[in-house]
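Work through the exercises below with the model open. Try each task before reading its solution.

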Amino acid sequence: MLIRLVVRSSIRFYGSKSQYSATVLLPRTTFPTRVKDISQHEQELQKICEFDDLYKWQQEAHQDNASFTLHDGPPYANGDVHVGHAVNKILKDIINRYKLLRGYRVNYRPGWDCHGLPIEIKAIKAKDFKSLGSVDIREKAKQFALKTIEAQTRAFKRWGVMADWDEQCYFTFDKSYEASELEAFYELYKRRLIYRDLKPVYWSPSSQTALAEAELEYDKNHISRSVYVTFPLCHPTNFAANGKNVLVLVWTTQPWTLPANQTLCFSPNLMYSLVGVTRSSSANRIREDCVYVLATSCIEDVSLLLDVEFKTLETFPGTRLDGLECFHPMTRHRTSRLSPSAHATADKGTGIVHTAPAYGAEDFDVAQKLDLPVDGHVDNSGCFMESAGFDLAGKFIFTSGNEAVVEILKQQNCLVLEHDYVHSYPYDWRTKKPIFIKTSRQWFIDTHQLQPKALKALGSVNFIPNSGKSSMMSQLKLRPYWCISRQRSWGVPIPVFYHKESGQVLLTEALMRHIISLVKRQGSDVWWTLPISELLPQHVIHESGFTGCSDEFERGGDILDIWFDSGVSWAVVLGNGPTSKADLYLEGKDQYNGWFQSSLLTSVGLQSGAPYHNVMVHGFTVAEGGQKMSKSLGNVVDPMVLINGGKNKERNPAYGADVLRWWVAESKVFDEIQISDRLMKDASASVQKIRLCLRFLISNLNNYEPGNADVSNLRTIDRYFLSLLTKFVAEVSTSYNEFRFSRVCRQTLNYVTRLSSLYFSVIKDRLYCDEERGDSRVACQMVLHFHSEALLKVVAPILPHLAEEVQMFRPNFSGFPESRSPFKDSWFNCDVIKTLDTTSVDNVMSAALVLRDVFISMVPSAQSLKYDVTIELPTGSASNNLKMLQTSTTSSDSELCEIMTSSRCTLLEGDWSSFDCESNQKVVTLDNDNDVMCRISIETSHLHKCPRCRKHTASSNGNLCDRCTFVLSNSWDL
């Protein structure tokens, strides 16, 4: 059926069926023009072409070759795949397949991040957390992760991602992985790069755990219940207050932190003022019988916000405030001292900063310098504890807690103004709820010690794009320490014991050897399932230098941060040594302070260098126009619906995996990556265009024997396109090497368009109507053969399904190996083409193509064979160039006539300096540098149409032209 369709379409092109139709050498192939059910078609191709076996094949076949290692950043096993997964996995696969074609032994082990809060949240309903123990939580989370991994693997395989999915994947919950992770943890601990300390950390009350910076997202429209509050000076005698109470005015966006206030901070570099109130307002609680202290530069803004008028009574340097005592605004039984600090500024507020060391990083630093208490009175769920006092116990800090504090301030007559303040505020990236700073004892990696080495290591790393290096360095400099402990159940435990009485930490080599041996055999579940006597046997206690028995210790309740889990994956997957670096890490831009950084820090700590040579960073996927994808907006795109189609195929047609891959490749992946129905349709059209081009190439190679082809028979246009092919392959190779896949797509489409619109159009007469084994036709087939080889290899990394399919339908040539996967061959070799002499080809073709364009524009659509063309030009280099294409004055079979696609071509030269033009003539410039002009004239051919080739070159109606007569007399028995 397919052959019949091909023949019919070609007959239609060449005219009505005649006795000569069978003698026209039409394209022949069963390769389909278009695939009806692309989803089923691609899945069948994957089976027939053994997609699943390719990775194992190349590992064995290329074992002695140079290697290329792409280390896979593990995605969370916490849900269905999304377009972000598609971008990431497909980009990696394009690179791996290209490297395979270049002869490398590709090392790529897909991985999954299997622990942590993201999976717990998906696996367990919120109401069930309190009723489930750690062992139950871990089991449910693991089962959820396993199901997710299975589903994601199916998706990745469906996209054509090359890997050994059965035996060469890594999972962070594997026993061997967990054991290696604990080894890395203890090695860093031995090197004093891991320590336990009391520090302020990001705390999520909704998740009840500490968070890393990478686990935060910021809401720019967060509303805080802010207050202006007063701290009355205990002894105001140093000020010209005229007997009035002196109140220190303070602004805070977190009223709930006021019970933990330990000091007020001012800047010794600012000027401050004592102001009286000359006009108040009912909008605030300002008191005219008091005077206020605030930074001089803040007076104007504060008076506008409070809707009051101040009168400056005196101005003084900030140092005058040092050591003064204030009553606490919530009780007269406590006082707060005024202390100098660099973090106090006049940018916002009053220039005097309320400081609660338990709830702020800068506040904590002040407490450390001044030896102040760091008392926190908020539990893990964000509720006040009994120790907070003021009847606040059980109240949630962001709601009822804030309200209660504000009410107390009112009662104490210390509240000046309450207002909503809109600002950027950190949220838990998973629960989408606000976090707060909480000072607690946690385990940390000393990034301050590692930072200089890490920055130095980054100096030798190549970033794609280049701006990535500065972004990475900036993120690294902002990280004073890395909190690696989490208060959850689903993860790798921090294997430490604490002495019940002294609190002393037991973390020794003897303990680690014992725990690691247990984990290797049974997995990290042992930390929760085995009794403490088995986790901490007597001999380990003694070898660790402790006395007593295991009952005197309690096991630690923290797990390792999932960023530490994945951050040591280089050591587990690549090995620990000087040759274990990955050639490439490739992830989204959110990994600058995530996986890229955690991998760098652990690698610098363990092997004094970066774990990667190159880092490629892609952007996030967004809807067309840059709009963020959201279920509420209805613009979320499911990649599996894109490739397989939705329930309503008219609304959601199946595009197939190759179209999805083309969309990824042609996108500007270093910026925001837009996706829409229109973009997918455009990608589909591009893939179809390439498909048709490849189909034309292979359908015209029947009976072609490469051994019979002689380069001396190549015409000028043949040499020209072989020269263009060499340049095209070189340019595409450069683009692939630089990971500029959108440029690969543009270059490929541009070349396919030029090849199809020019070369295919020009050679059809030679290809269909010359002798089957004639020199000129075989030379033409040689060009098509080279192009089919090259174009197949160029698109294969992006369109593997199409490449495999084309290879199945390519004619087998004698002396050549049977058709096999294009990925089992090498990249296209241009050496034969490079030996061709193309010295004058460009100049000759440049002039000829200018003439062709003008001629085609002068004739009615697709009617060029009805016309003869005459070209008149002055004697000189331009005419000499054209005479290389046509030696006789008039010809119907010259190279120039073929390029023009006219029936006959006449070439006249003389001493013309100017031309007059009639309606059927045009004047055109052939050589801008030398101002060479020529005149083109067209006229309807006076000869008759050949019933075989359609050219108007027959001497009488119904008869064949001389060329067709010769061909049939030598090759056909009619």
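**Exercise 1.** Decide whether Ser-566 is buried or exposed.

*Solution.* This is a predicted model. Start with the relative accessible area of Ser-566, which is 2%. The cut-off for buried is under 20%. Ser-566 is therefore buried. Finally, look for contacts beyond four places in sequence. Ser-566 touches Pro-74, Asp-113, Tyr-177, Trp-595 and Ser-599.

**Exercise 2.** Find which residues of helix α10 (residues 397-411) are buried, and name elements that cover them.

*Solution.* First, list the buried positions: Ile-397, Gly-401, Asn-402, Ala-404, Val-405, Val-406, Ile-408 and Leu-409. Then recall the geometry. An α-helix has 3.6 residues a turn, so residues three or four places apart point the same way. Now turn to the cover. It includes β7 (216-232), β16 (415-428) and β17 (436-445). Last, step past the helix end. Just after α10, Asn-413 has a positive phi of about 60 degrees.

**Exercise 3.** Describe the burial of strand β29 (residues 867-874) and identify strands it pairs with.

*Solution.* Take burial first: eight of the eight residues in β29 are buried. Check each face. Tyr-867, Val-869, Ile-871 and Leu-873 are buried on one side. Asp-868, Thr-870, Glu-872 and Pro-874 are buried on the other. Now the pairing. β29 and β33 (residues 932-940) run antiparallel, joined by six bridges. There, Ile-871 has Ile-936 as its bridge partner. β29 and β31 (residues 904-910) run parallel, joined by seven bridges. In β31, Gly-910 is the bridge partner of Pro-874.

Note on methods
Residues numbered from 1 in each chain as written. Predicted model: local features only at pLDDT ≥ 70, side-chain atom pairs only at ≥ 80, totals over all residues. Heavy atoms only, no water. Buried < 20%, exposed > 50% of the residue type's maximum accessible area, 1.4 Å probe, protein only. Helix = DSSP H or I, 4+ residues; strand = E, 2+ residues; numbered from the N terminus. Pairing = 2+ DSSP bridges. Contact = heavy atoms within 4.5 Å.
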